[in-house]
Amino acid sequence: MSDEFKGGCQCGDVTYTVSEAPLWVGHCQCTNCQKFSGAPHATNMVVHRAFLDVKGSMSIYEYGADSGNQMKRHFCGKCGSPIYGESSGNEALVVIRVGSLDEPGGVTPSTVIYTDSAVHWDDMDSDLITFSGMIKR
Ligand SMILES: [Zn+2]
Ligand SMILES: [Zn+2]
């Protein structure tokens with residue numbers, strides 16, 4: 001995979017550059033991802049915060065996750081496009097919404113998480129590694 005990715009929101013007020021290859025790319029079928037994406041899953045990629053450079057101002061929605069961590073979702077306050085999320089559990093990392101990339105096809109998902117809350121018609125590639133909830137290490 002490439003080590004530079006550009007993206008932004010639908011209206012163009014927010015743009016960003018990621019300057020490292022993602023540490024992880026995968027689909028998440030949790031109910032929070034379903035709500036904010038308006039789709040049966042969100043496709044996410046994890047990168048170090050230090051390699052994310054955002055231009056433009058975003059709105060933030062904060063909530064408590066099942067894990068006890070505080071989560072923050074950053075999105076364009078004008079057009080509502082989700083850009084990235086972060087967790088108090090690991091402040092060095094951010095979770096970019098792959099649909100906000102200018103070329104989402106430039107990254108390749110490896111995993112599906114939270115399959116317990118999958119919508120039955122959300123068919124996934126059977127080659128992907130699956131977890132019923134969060135990834136267990
Ligand atoms: Zn926007
Ligand atoms: Zn999720």
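Student: What makes Ser-67 count as exposed?

Tutor: Its relative accessibility is 56%. Exposed means over 50% relative accessible area, buried under 20%, and partly exposed in between (1.4 Å probe, protein chains only). So Ser-67 counts as exposed. This is a predicted model: local features need pLDDT of at least 70, side-chain atom pairs count only at pLDDT 80 or more, and totals for chains, interfaces and linings use all residues. Residues are numbered from 1 along each chain, chains are lettered from A and ligands numbered from 1 in written order, and side-chain values use heavy atoms, without hydrogens and water.

Student: Why is Cys-28 called buried?

Tutor: Its relative accessibility is 4%. The limit is under 20%. Therefore Cys-28 counts as buried. Cys-33, with 6%, is buried too.

Student: What makes Cys-11 partly exposed?

Tutor: Cys-11 has 33% relative accessibility, so it counts as partly exposed. Cys-79, at 26%, is also partly exposed.

Student: Which atoms are the protein donors of the zinc ion (ligand 1)?

Tutor: Cys-9 (SG), Cys-11 (SG), Cys-76 (SG) and Cys-79 (SG), lying 2.3 to 2.4 Å from the ion. Donors are N, O and S atoms within 2.8 Å of the metal (3.2 Å for Na, K and Ca); water is not among the atoms, so sites may look incomplete.

Student: How do you know that the site of the zinc ion (ligand 1) is tetrahedral?

Tutor: Look at the angles among its four donor atoms: 105 to 114 degrees. Four donors count as tetrahedral if all angles lie between 85 and 135 degrees. The site of the zinc ion (ligand 1) is tetrahedral.

Definitions and conventions
Four donors count as tetrahedral if all angles lie between 85 and 135 degrees; four count as square planar and six as octahedral if opposite donors are over 155 degrees apart and all others between 65 and 115; anything else is irregular.
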